[in-house]
Amino acid sequence: NERYEPQAIEKKWQDRWHQAGVFRAGTRPGAPKKYILEMLPYPSGKMHMGHVRNYLIGDVYARFFQMRGYDVLHPMGWDAFGLPAENAAIKDGVHPAVRTRENIDSFKKEIRSLGYSYDWTREVNTSEPEYYRWNQWFFIQMLNKGLVYRRFSKVNWCTGCLTVIANEQVKDGVCERCESKVLDKELPEWAFRITRYSQELLDGLDELKEWPERITSMQRNWIGRSEGVEADFAIQGSEERLRVFTTRVDTIHGCTYVVLAPDHKLVARITTPDKRAEVEAFARKMAAISKTERTEEGATKEGVFTGAHAINPFTGQPVPIWVANFVLADYGTGAVMSVPAHDARDFDFARKYSLPIRVVIQPAQGDKLPEGSVLEAAYTEDGVLVDSDEYTGLSSDEARRKMGAKLQAEGRGEPKVTYRQKDWGFSRQRYWGTPIPIVYCEKCDPERKGQPVPLEQLPVRLPEIDTEAVLTGKGEPPLAKVPAFVNTTCPTCGGPARRETETMDTFVDSCWYFARYLSPHFDGAPFDPKEAQRWLPVDVYVGGPEHAVMHLLYFRFWTRVMKLLGLSPVDEPVKRLVTQGIVNGPDGRKMSKRWGNVVAPASIVEKYGADTARAYVMFAGPPERDFDWSDDQVEGAYRFLKRVWVLATQHQGVAGATATYEGAYEGKALEIRRAAHKCLKRVGEAIERLSFNTAIAGTMEYVNALYALGTAETPAEKAAMAEAIRVLTVVLTPFAPHLADEIAEAYGAKDFVVTQGWPDFDPALVVDDVIPYAVQVNGKLRAEVRVAADAAEADVRAAAEADERVKAAMAGKTLRKFVFVPKRLVNFVVG
Ligand code: ANZ
Ligand code: ZN
């Protein structure tokens with residue numbers, strides 16, 4: 001077989017690996033474990049290069065650790081519920097289950113064609129009752145622990161489709177599908193009390209030392225912890241009090257007005273009759289704009305005066321109460337004490353509406369601020385208090401402490417920690433998701449709180465449906481249109497009852513799938529806790545950075561819940577997180593249909609084979625970095641593998657030579673061995689660092705070196721060359737596993753390279769040759785000595801002291817100091 005023909009060999013090896021079950025986890029019980037995981041895909045039918053790269057990063061790593069003797073768990077599954085399949089069904093009437101099944105089949109075929117090392121016996125499909133019953137089980141456990149509750153919340157209501165639609169379906173205030181107006185509507189929904197874990201999730205970030213700093217800081221911001229105080233302002237001429245949240249109570253003497261969110265519950269009660277019409281009109285206008293639009297960075301600040309006044313709890317002075325767009329009803333208390341001299345937003349607002357500006361903080365050093373009326377911008381730093389009664393002269397810090405304590409002592413407020421993070425509303429008015437296991441009985445539950453379905457009745461299955469009649473995208477939720485599903489019996493009284501017709505957000509599915517892989521068919525719980533002891537946490541998790549907050553935060557939350565429920569021993573799901581960069585087209589733009597620059601993985605596999613696709617994508621750059629697709633470099637990778645093939649073919653005659661040779665290695669034979677062991681070391685270390693591109697570069701240099709060394713003639717050279725080719729198959733295996741096994745087989749290997757393992761390099765063979773050290777006496781060059789590159793300081797010194805010229809220069813003098821610059825020079829300071 002003279003030519004390199006990947007198409008002729010790759011399928012064969014994929015089948016053999018599969019039949020032999022080489023990638024099965026749990027087969028080396030005594031060995032240390034590695035759990036290597038890539039984010040499970042939504043099965044969209046076709047793989048794109050982002051998938052290819054994502055899975056390769058995990059695959060190279062998994063193969064390497066398998067070769068190093070670890071028991072490796074490297075599973076794959078399907079995030080199979082979700083909107084696209086349902087939306088497609090609304091268009092063309094194909095049931096989501098049917099489409100999802102087809103998509104999984106074709107996606108899986110493509111995955112297999114790339115030769116990934118998955119343990120397919122652990123495949124998980126989140127749309128199977130066997131999986132989603134455990135979503136329902138978790139839901140009920142969490143309901144019992146107060147971690148699930150029902151609340152009212154604002155949703156996007158399409159006035160045409162008469163249904164709730166997702167944020168992404170709202171385009172410029174109208175429904176993307178029917179172009180009718182979209183309104184805010186208050187509807188009940190189910191929510192997870194993730195905020196109970198805000199502080200834990202925040203503290204946990206400190207332990208995630210092997211996560212990209214960018215991701216942990218995004219999570220930190222998302223959780224948004226603020227330390228401050230809540231303070232009560234009395235309302236003039238009323239018994240009501242108004243509570244504000246502030247992080248800067250030290251500025252309170254500079255508060256010149258107070259602002260409420262337009263939908264704050266006090267607004268209606270305090271607005272004076274003459275202002276009522278104006279305030280109501282403003283609130284209506286604000287209700288018609290989405291919250292994000294209203295509070296964006298650049299949004300212009302707008303407000304109206306309510307006619308009422310609040311009393312500053314420190315100065316006793318009245319200040320006007322306003323209503324404005326930039327105050328959120330659901331953050332802090334929905335009310336703000338405004339200090340225009342020291343807050344930028346308040347400053348803009350005060351300027352716009354001619355409200356007074358009062359400086360109460362001066363910089364501790366440097367120029368003093370002018371009077372408020374001529375101030376040019378808010379001074380937002382901490383400093384020293386001025387014009388603040390008995391607090392004048394204190395630092396901001398001290399003042400905050402004292403003022404907080406005073407408010408608390410007087411029962412007019414208290415120190416308070418606030419989080420920006422909200423609870424996670426997870427009910428969706430969709431069909432293709434996990435049914436929420438709740439039943440409503442009018443008799444037993446007149447308030448419609450909902451009763452959980454008894455655990456022994458799980459799963460609550462998605463019903464068979466007439467797709468065209470049920471999946472219309474209009475009106476009530478799809479499941480409400482299926483009487484056989486809706487009508488059930490009450491678990492308490494046995495009378496007629498109705499099921500909840502909403503389904504769960506698909507982010508629920510991806511919260512715990514990594515644990516389901518441990519025991520994918522376990523029947524007594526979501527997974528076998530014994531397996532969790534063995535495998536958790538995941539050692540390396542690879543995925544796109546776009547999941548920085550939602551998925552990666554939700555599944556951290558869920559992991560803590562799993563611990564609370566006694567299922568798993570870990571607080572955090574993942575030790576090391578790798579967020580891979582983007583694969584751009586040759587034009588430098590992200591590959592997308594929109595730009596017409598998509599390269600289909602299948603086309604590369606067909607033309608060049610999977611090994612070329614793998615080697616190219618891993619060579620193109622470090623995992624975290626974006627790279628631009630290059631056809632030339634694909635060709636380059638292909639040529640490289642051809643060179644490997646030719647080299648192996650040329651040396652075919654040395655096969656088996658190592659086993660029969662027992663003599664010494666010198667000269668060229670030794671050089672061959674040194675090249676091989678250095679390559680083993682270099683590539684192994686690079687893979688451990690996830691520096692896959694340098695691992696391949698090292699392999700390329702190695703191949704060049706072997707070419708340069710030429711034909712093996714003597715028995716020693718032949719033995720060395722046979723070893724060298726074996727090493728070549730080892731270092732190739734993570735990147736070009738099919739080619740590696742093909743070569744190994746031609747050389748008589750009885751087993752897959754991946755099972756034979758990754759040999760230790762021989763340390764004696766990897767030291768670089770001797771290197772020169774300059775030897776100085778009092779800074780003057782006296783000699784040069786040659787020592788092993790990794791020689792210790794004492795050895796270098798001994799070699800230098802032994803040199804005749806150095807001895808002569810130091811004769812009769814006393815050594816004051818010895819300077820050692822590794823790999824460069826030594827200096828004897830004498831006097
Ligand atoms: C007075 C003050 C003076 C403030 C000053 C800041 C600077 P973070 O750090 O993000 O938590 N605030 C409070 N509740 C708000 C709401 N519902 N909508 C909009 N703004 C709100 O921000 C806390 C600060 O944001 C609070 O401290 C409050 O303004 C404002 F020189 O109070 B501050
Ligand atoms: Zn009942």
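Predicted model: local features only at pLDDT ≥ 70, side-chain atom pairs only at ≥ 80, totals over all residues.
Local features are reported only at pLDDT of at least 70, and side-chain atom pairs count only at pLDDT 80 or more, whereas totals for chains, interfaces and linings use all residues. Residues are numbered from 1 along each chain as its sequence is written, chains are lettered from A and ligands numbered from 1 in the order in which they are written.

The chain contains 29 helices and 33 strands. Both are DSSP runs numbered from the N terminus: helices are H or I with at least four residues, strands are E with at least two. The C-alpha trace spans about 105 × 85 × 50 Å along its principal axes. Of the 831 residues, 43% are buried. A residue counts as buried if 20 or more other C-beta atoms lie within 10 Å of its own, as exposed if 12 or fewer do, and as partly exposed in between; C-beta atoms are placed from the backbone. Among contacts with a separation of 6 or more, 69% join residues 24 or more positions apart. A contact requires C-beta atoms, placed from the backbone, within 7 Å of each other.

One open sheet has four strands in the order β2-β1-β26-β27, with parallel pairing. Strands pair if DSSP finds at least two bridges between them. The edges are β2 (71-73) and β27 (574-579), each of which pairs on one side only. Neighbouring strands are turned by 20° against each other on average, direction ignored. Three bridges link β1 (residues 33-38) to β2 in the parallel sense. Lys33 has Asp71 in β2 as its bridge partner. Helix α2 (residues 49-67) lies across β1, β2, β26 (538-543) and β27. The helix runs at about 170° to β1. Such angles run from 0 to 180 degrees between N-to-C directions, with axes fitted to C-alpha atoms, for helices over the stretch in contact.

The record gives the short sequence motif "'HIGH' region" as residues 41-51. This span is 27% helix and 0% strand, and its end C-alpha atoms are 8 Å apart. The record also lists "domain: Aminoacyl-tRNA synthetase class Ia" at residues 421-629. Here the end C-alpha atoms lie 38 Å apart, with 25% helix and 16% strand over the span. UniProt positions follow the numbering used here, feature names are shortened, and annotations may be inferred rather than shown by experiment.

A second open sheet has four strands in the order β31-β30-β33-β32, and its pairing is mixed. Its edge strands are β31 (780-788) and β32, each pairing on one side only. The twist averages 20° from one strand to the next. Helix α28 (residues 793-802) packs on this sheet and touches β30, β31, β32 and β33. Its direction makes about 125° with that of β31. Strands β30 (residues 770-777) and β33 (residues 825-830) run parallel and are joined by four bridges. Within β33, Asn827 stands opposite Gln776, and Phe828 stands opposite Val777. Strand β32 (residues 815-821) runs antiparallel to β33, with six bridges between them. Phe820 stands opposite Val826 in β33. Three residues separate the strands in the hairpin of β32 and β33, where Lys823 takes a positive phi near 65°.

The shell around ligand 1 holds 18 residues. Ser226, Thr246, Arg248, Gly332 and His342 come nearest. A residue is near a molecule if its C-beta atom, placed from the backbone, lies within 6 Å of it. Strands β11 (241-246) and β15 (335-338) are the elements that give two or more residues to this shell. By class, the shell has eight nonpolar, eight polar and two charged residues. Nonpolar covers Ala, Val, Leu, Ile, Met, Phe, Trp, Tyr, Cys and Pro; charged covers Asp, Glu, Lys and Arg; the others, Gly among them, are polar.

Val360 is found in the loop between α11 (344-352) and β16 (361-362). Val360 counts as buried because 25 other C-beta atoms lie within 10 Å. Beyond residues up to four places away in sequence, Val360 touches Thr251, His253, Gly254, Ala341, Leu385, Val386, Asp387 and Ser388. Cys255 is 105 residues from Val360 along the chain, yet their C-alpha atoms are separated by 9.3 Å.

Notes
Contact = placed C-beta atoms within 7 Å.
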